[in-house]
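Here is a short briefing for a first look. Please have the sequence and the model open as you read.

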Amino acid sequence: MDTIHPPSNQAKIRNFCIISHIDHGKSTLADRFLELTNTIPKEKMRPQYLDMMDLEREKGITIKMTPVRMEYEGYVLNLIDTPGHVDFSYEVSRSLAAVEGAILLVDATKGVQAQTMANLELAKKQNLVIISAVNKIDSPQARIEETKEELTNLLGISKKDVFAISAKEGTNVKELLEIVIEKVPPPERNSEKPLRALIFDSKYDSFKGVIAFVRIVEGKIKPGDKIYLIQAKIEGEAKEVGYFKPELSPRDEIFGGEIGYIATGIKEAGKVRVGDTITNHLVTKSPGHLVEALPGYKEPKPMIFASLYPENPDDFDLLKEALVKLKLSDASLTFEPETKESLGRGFLCGFLGSLHTEITTERLRREFGLNLVISTPNVLYKVIDKKDKEIFIKSTADWPNQVDINEIKEPWVKLETIFPSDYLGRVLEILETLQGKYIETKYFGQERIILIYEVPLREILFGFYDKLKGQTQGFASMNYEVLDYRTRDLVKLEVLVAGKKEETFSRIVPRERVFEEGQKIVRKLKEVLPPQLFSVPLQAAVSGKIIARETIKARRRDVIAPLYGGDYTRKRKLLEKQKKGKEELREKAKIRIPPKVYLEIFRS
Ligand SMILES: Nc1nc2c(ncn2[C@@H]2O[C@H](COP(=O)(O)OP(=O)(O)OP(=O)(O)O)[C@@H](O)[C@H]2O)c(=O)[nH]1
Ligand SMILES: [Mg+2]
């Protein structure tokens, strides 16, 4: 059991997180802290220890925030490692609401980037103490002084207050941790009040029910205590409470000011939501002691929508259960059931971006064994029909007939790209293809440029970020925020595989680009669809008119190979039999499209 027991030592608690642009070294810095504080024994250490999901390790990125409680020279240090990718910024904002301070890390080989600024803004809104550090100073490409300068400009502090560290080699990491202890204030002293704990994350456990990850703002809780979720209005009982080590580590009691978990005993996963407040059931019920809910979080708005259908229609209930459980550890996911004639029963899901879409389908496959058919993701379109009625369209399957449409509007965003000035020409070239509007150029530090454009969100959802990175050797980064809806002449491009409409491949494109887009999609399909026993025509169509076509040649099974030499009649007979078989097959024409094809198509 712990030697430190709040509340007597509340002054010795520090709650902080690490924030940065993607890949700037947050999880690696967390590794050094874990070592320095002996939270993880040396022999158990592995790089990016807190990236515990297989998917995180494979992709080399953090997807989920991870809390961990460390002890160091009489202090309790609650750290939350956060993801850097823009699609997971809801994880960052929830982490920030659970702490008093943040380390803002900047890779010295890359400088300040788009999410450095975006995440800093989020931290400032929470009034957190911000400690800045330049990382990767061991790298030969490190531009330490320039990066320090960028940070001093950004934060309005003096250069000597910016740390220079190597998370990889551990240089200055101890000093950084000691500054955290010195500068980040302890949480307020409040264990004597009634319990109020803010749920910032959760996961499902089949024995203990939903496990809520909480920042205990006030009060204390021990196993056996009755609990009440203020917003969900449901009761539960604390089956277990404890801290993160980073795995769940049970305690006798946990106290106000700390970060920990409460196993709620609640089995209905959908009822426990991030942002809800857990209180003490008995206190709430006694009059005059009403406990107010904590502010909670602003729910993120899904940016794109895609339909998910189980490949095997019998898996519908399984998919439903999987989505409910997945939402516990991915609060930004939204879903609603839908039934489409062409597809059967599935869910229309809302995502924060294309990586989020990919990660979610991959998690459904790995964690729940579900193979899925995924429709091409869409932004939320506004269609005004002939009767001037406005309808929001999330799914291409709902796209009205062209003759019924009066006007179509789509969301536009303010797109900020930031990159070294050497790449101006190349970045401009890519930005010009987006059919947007140039707004402004800003200079940041000595050699960096921020370009601001207004562009349709549809244009940047897929492939754009990769293109931008590719053209700038990884030096450019971007951020965007939704502005408004603007009119555009868009049409629905349909795809037919073996003469059958495949709704999931449909996409919305500007009218002037239908031929180009139609061609692109049938070519891509030809490349990625495995050959069948008969030839498969691939067609793109708009309002029933074919505008592009490719054919996948038949994969001829070599039926005559076992027959050596002569016997012409037998050969012919076999070939004829094969031909007939193919015709029958073609009639059935049920072509199995492997799940990964869907992802490849919408990425193209
Ligand atoms: N040379 C050098 N490389 C580093 C240093 N710190 C991290 N790296 C490398 O940078 C890459 C990204 O490191 P991570 O710790 O995963 O970065 P992150 O900020 O956690 O990334 P996300 O969570 O995905 O945003 C890895 O290849 C690390 O080995 C450092 O101090 N020096
Ligand atoms: Mg990380």
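Ser27 and Thr62 are both buried, meaning under 20% relative accessible area, where over 50% is exposed and in between is partly exposed (1.4 Å probe, protein chains only). This is a predicted model, where local features need pLDDT of at least 70, side-chain atom pairs count only at pLDDT 80 or more, and totals for chains, interfaces and linings use all residues. Residues are numbered from 1 along each chain as its sequence is written, chains are lettered from A and ligands numbered from 1 in the order in which they are written, and side-chain values use heavy atoms, with hydrogens and water left out.

**Magnesium site**
- Ser27 (OG) and Thr62 (OG1) coordinate the magnesium ion (ligand 2) at 2.0 to 2.1 Å.
- Ser27 belongs to helix α1 (residues 26-36) and Thr62 to the loop between α2 (54-59) and β2 (66-72), so the pair ties together parts 35 residues apart in sequence.
- Donors are N, O and S atoms within 2.8 Å of the metal (3.2 Å for Na, K and Ca); water is not among the atoms, so sites may look incomplete.
- Helices (H or I, at least four residues) and strands (E, at least two) are DSSP runs, numbered from the N terminus.

**The sheet**
- An open sheet of 8 strands runs in the order β11-β10-β16-β7-β8-β15-β12-β13, with antiparallel pairing.
- β11 (234-237) and β13 (248-251) are the edge strands, each with a single partner, so one side of each has no neighbour in the sheet.
- On average, neighbouring strands of this sheet are turned by 40° against each other, direction ignored.
- Strands β7 (residues 196-205) and β16 (residues 277-280) run antiparallel and are joined by 3 bridges; two strands pair if DSSP finds at least two bridges between them.
- Arg196 stands opposite Thr279 in β16.
- Helix α8 (residues 316-329) packs on the sheet and touches β7 and β8 (209-218), its direction making about 135° with that of β7.
- Axes are lines fitted to C-alpha atoms, for helices over the stretch in contact, and angles run from 0 to 180 degrees between N-to-C directions.

**Around Glu459**
- Glu459 sits in helix α11 (residues 457-460).
- Glu459 counts as buried, at 12% relative accessibility.
- Beyond its neighbours within four places in sequence, Glu459 contacts Thr433, Leu434, Gln435, Phe464 and Arg513, where contact means heavy atoms within 4.5 Å.

**Cysteines**
- Cys17 is buried, at a relative accessible area of 0%.
- Cys349 is also buried, at 0%.
- The count of disulfides is 0, a disulfide being a pair of cysteine sulfur atoms within 2.5 Å.
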